[in-house]
Amino acid sequence: MFSSSNTSDPLAARLDFSLREITGRWVSRDGMPAVRIYRNTARKDGGIRLEFTYNNPQAVYDCTIYSVFGLRYIDLYGIGLAYDAERDVLQLSAYGEYVRAE
């Protein structure tokens with residue numbers, strides 16, 4: 001994973017974002033699982049969660065998005081998150097690029 005202070009890193013601008021910016025439904029153009037990012041209202045402090053929905057709507061994996069020292073990741077083999085606000089594209093390190101669902 002790249003550091004957001006590294007100026008030679010092409011993803012540096014994408015690593016510094018608010019988790020609230022990426023809430024919503026995301027789809028992959030490459031046929032990867034659909035993603036929904038939402039705020040957990042069941043907990044007092046909230047928290048942002050990520051939900052994968054595989055081809056079968058019954059197969060869902062739900063996990064917390066962690067933000068530690070400026071790195072965002074989910075606890076599924078350390079999959080990293082990056083976000084490009086200009087193109088409105090979410091990138092998951094193991095699944096590729098996602099665009100917002102309409």
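**View 1. Arg20 lies in the loop between α1 (12-15) and β1 (24-28).** Helices (H or I, at least four residues) and strands (E, at least two) are DSSP runs, numbered from the N terminus. The model is predicted: local features need pLDDT of at least 70, side-chain atom pairs count only at pLDDT 80 or more, and totals for chains, interfaces and linings use all residues. Residues are numbered from 1 along each chain as its sequence is written, and side-chain values use heavy atoms, leaving out hydrogens and water. Arg20 is exposed, because its relative accessibility is 57%; exposed means over 50% relative accessible area, buried under 20%, and partly exposed in between (1.4 Å probe, protein chains only). Arg20 and Ile48 are 28 residues apart along the chain, and their C-alpha atoms are separated by 7.8 Å.

**View 2. Glu51 and Arg36 form a salt bridge, with N to O at 3.2 Å.** The pair links distant parts of the chain, 15 residues apart: Glu51 belongs to strand β3 (residues 48-53) and Arg36 to strand β2 (residues 34-39). A salt bridge is a side-chain nitrogen of Lys or Arg within 4 Å of a carboxyl oxygen of Asp or Glu. The whole structure has 5 salt bridges. Glu51 is buried at 15% relative accessibility, whereas Arg36 is partly exposed at 25%.

**View 3. Arg87 forms a salt bridge with Glu97, the closest N and O atoms being 3.1 Å apart.** Arg87 sits in the loop between β6 (79-84) and β7 (89-92), and Glu97 in strand β8 (residues 96-100), 10 residues apart. Salt bridges that share partners join Asp84, Arg87 and Glu97 into one network. In the salt bridge between Arg87 and Asp84, the closest N and O atoms are 2.9 Å apart. Asp84 is buried at 14% relative accessibility.
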